Amino acid sequence: TDRMGLRPLAVVGLGDEYFGLDLDVVREFTEFNQVTPIPCCPDHVVGNINLRGEIVTLIDIRRALHMQADTQPKTSKAIVVHIDDLVLGIPIKQVYDVLYLQKSDIKPNPIATSDGDRDYLQGTVPYQQKMMGILNLNTIFAEGNLSVDEEV
């Protein structure tokens, strides 16, 4: 991932916001048309998709980010990430870009974000006249109450 000190990020859309994801955890971008619901799972677990014979669970991370649940029709795009030993899919609106950032491009999080959110962001960068948060997926999945195997 170290292209002369640059940090590669995938820019994805969640709701109306842009977020950056470290490319080193991204395995692939995919489209899906069929989601198999998983009974008795919390509502952030969207369901399973079949990715060329591999079953991948889709996790909606917007809840951990305190974003509104999507009222629009369900997305059919996902970003497949590999975190620790887990392979998970995150439904996204769109993949917009891949950026290569200098460390100096990344600003600390604004103080205004609540403490919980701050752990999930590794900083912000300007993107398309907005500030884009860089997601810390490891923290989101470790602490974001997004576990798949919790007892109901």
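This is a predicted model: local features need pLDDT of at least 70, side-chain atom pairs count only at pLDDT 80 or more; totals for chains, interfaces and linings use all residues.
Which residue in β7 is the bridge partner of Ile79? Select Ile79 and Ile90 to see the answer: Ile90 is that partner in β7.

**The whole sheet.** Show the strands as a cartoon. There are 5 of them in an open sheet, ordered β3-β6-β7-β5-β4, with mixed pairing. Now select residues 26–31, which are β3, and 45–51, which are β4. Both strands stand at the edges with a single partner strand each, so one side of each has no neighbour in the sheet. Turn the view to look along the sheet: from one strand to the next, the twist averages 30°.

**β6 and β7.** Select residues 77–83 for β6 and 86–92 for β7. These two strands run antiparallel and are joined by 7 bridges. Besides the pair from the opening question, pick His82, whose bridge partner in β7 is Val87.

**The turn between them.** Move to the hairpin of β6 and β7, where 2 residues lie between the strands.

Next select residues 54–59, strand β5. Here the pairing with β7 is parallel, over 2 bridges. Within this pair of strands, highlight Leu58, which stands opposite Gly89 of β7.

**Burial of β7.** Finish by showing the surface around β7. Of its 7 residues, 5 are buried, so β7 is largely enclosed by the rest of the structure. Buried here means under 20% relative accessible area.

Key:
Residues are numbered from 1 along each chain as its sequence is written. Side-chain values use heavy atoms; hydrogens and water are left out. Two strands pair if DSSP finds at least two bridges between them. Helices (H or I, at least four residues) and strands (E, at least two) are DSSP runs, numbered from the N terminus. Axes are lines fitted to C-alpha atoms, for helices over the stretch in contact, and angles run from 0 to 180 degrees between N-to-C directions. Buried means under 20% relative accessible area, exposed over 50%, partly exposed in between (1.4 Å probe, protein chains only).
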